[in-house]
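Work through these exercises with the sequence and the 3D model open. Each task is followed by a stepwise solution.

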Amino acid sequence: MTDLPTVRAALKSQRIETPSWAYGNSGTRFKVFRQEGVPRDPYEKLDDAAQVQAATGVAPVVALHIPWDRVDDYAALRAYAEERGLTLGAINSNVFQDDDYKLGSVTNPDPAIRSKALGHLLECVDIMDATGSRDLKLWFSDGTNYPGQDDITGRQDRLAEALAAVYARLGEDQRMLLEYKLFEPAFYATDVPDWGTSYAHCLKLGPKAQVVVDTGHHAPGTNIEFIVAFLLRERKLGGFDFNSRFYADDDLMVGSADPFQLFRILHEVVRNGGLRPETGVAFMLDQCHNIEAKIPAIIRSVMNVQEATAKALLVDADALAAAQRSGDVLEANAVLMDAYNTDVRPLLASVREEQGLQPDPMAAYRASGWQQQIVTGRVGGEQAGWGA
């Protein structure tokens, strides 16, 4: 039997981290579709993030991306965030946009380029010190396009050397989160292509190195919930980059392509204690809103995670365990499906009202007038966003 007060408490305590870059302009390889009212600097991104938090009550953390969010005074940016009820989350590094990184960053055969990339990663740790951020998120586009282009083993050695240098620089309460990606932009051999590669490096580095699961970074048919369960069991799941994909790494809104998959993932999170704060799992969105309005899309994404979490919390754990022990395959599956098929929107509306929020976050944002305000007020200046 599900304990509803416990479910409500878990939903109220949930924290979903939003990415600064999702508030700015972004695009495909072919076109950036600029939108009116998008932020012109990191401070305005925080203003928008505060609106998401005001509407949802569970999104008070904002991840930054360097150099997209570079400022002269990170302590001042931290104070600005705190004034708006926000904290600064993961610092995301960028060693993929400079011309020097055409053949890789920390795995590049040129030692000068490797040194440049490492310098940026260490700069990101300095920024963590100033912002109070716990997590350094590392994603490398490094890899090769052709057989024989470079030494696969040698590139792993260079990667391990760079990771060890960054790990040694981390503070006592700081972590390194190593992301992986099946392919793109390297098409023959990506240097961190899967969870096993990331896990192996993190295991060797130590307890402050953990794996990030980006839900869009897998081959079709991959059982992501298995990966999540395994990493939680090993205490090596550092966090998520939530998004959806139809074909490759589409960076679409989480839960839009396969909401059942999102439920299955969060079932394993709940089942293995991943919602407990002491596990340290970071639940972050990593999306690019190329054609939809930015802030409403982020609010909707937060709601999608909330709904999948609520359904996972409603799984009758005792009934499921009993069915599993008795080998009742159909009943075990039915217990999961009963929870998934539950309409949790009334539950979440009630939880929000108990928190002093409007029951419908989308309606609350529309009524706030913020969208009209930023379209009118943010005229002129360079819009801040990837590729814009």
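**Exercise 1. Find how α7 passes α8: in a left-handed or a right-handed crossing.**

Step 1. α7 passes α8 in a right-handed crossing. A crossing is right-handed if the near helix is turned clockwise from the far one by less than a right angle, and left-handed if anticlockwise. Helices (H or I, at least four residues) and strands (E, at least two) are DSSP runs, numbered from the N terminus.

Step 2. Helix α7 spans residues 224-233 and packs on α8 at about 15 degrees, with the axes 9 Å apart. Axes are lines fitted to C-alpha atoms, for helices over the stretch in contact, and angles run from 0 to 180 degrees between N-to-C directions.

Step 3. α7 and α8 are therefore roughly parallel. Angles under 35 degrees count as roughly parallel, over 145 as roughly antiparallel, 65 to 115 as roughly perpendicular and the rest as oblique.

Step 4. From α7 come Ile-224, Glu-225, Val-228, Ala-229 and Leu-232; they meet Gln-261, Arg-264, Ile-265, Glu-268 and Val-269 in α8. Contact means heavy atoms within 4.5 Å. This contact has six nonpolar, one polar and three charged residues. Ala, Val, Leu, Ile, Met, Phe, Trp, Tyr, Cys and Pro count as nonpolar, Asp, Glu, Lys and Arg as charged, and the others, Gly among them, as polar.

The model is predicted: local features need pLDDT of at least 70, side-chain atom pairs count only at pLDDT 80 or more, and totals for chains, interfaces and linings use all residues. Residues are numbered from 1 along each chain as its sequence is written, and side-chain values use heavy atoms, with hydrogens and water left out.

**Exercise 2. Describe how α8 packs with α11.**

Step 1. Helix α11 covers residues 329-340, and its angle with α8 is about 115 degrees, at an axis separation of 11 Å. That makes α8 roughly perpendicular to α11.

Step 2. The crossing of α8 past α11 is right-handed.

Step 3. Pro-259, Phe-260, Phe-263 and His-267 of α8 meet Leu-336, Met-337, Ala-339 and Tyr-340 of α11. Seven of these residues are nonpolar, one is polar and none is charged.

**Exercise 3. State the volume of the largest pocket and what lines it.**

Step 1. The volume is about 1200 Å³. On a 1 Å grid over the protein atoms alone, a pocket is an open set of points with protein on both sides within 12 Å along at least five of seven lines; a cavity is a set where a 1.4 Å probe fits but cannot get out; lining residues have an atom within 4 Å of a point. Grid points are joined across faces, edges and corners, and a volume is the space filled by probe spheres set on the points.

Step 2. The largest pocket has 47 lining residues; Gly-274, Leu-275, Arg-276, Pro-277 and Phe-283 lie nearest its centre.

Step 3. α10 gives the most to this lining, with five residues. By class, the lining has 20 nonpolar, 15 polar and twelve charged residues.

**Exercise 4. How many cavities of 30 Å³ or more are there?**

Step 1. The count is two.

Step 2. The largest cavity holds about 50 Å³ of space. Its lining includes Tyr-23, Asp-48 and Lys-294.

Step 3. The second largest cavity has a volume of about 40 Å³. β9 gives the most to its lining, with three residues. That lining has six nonpolar, one polar and four charged residues.
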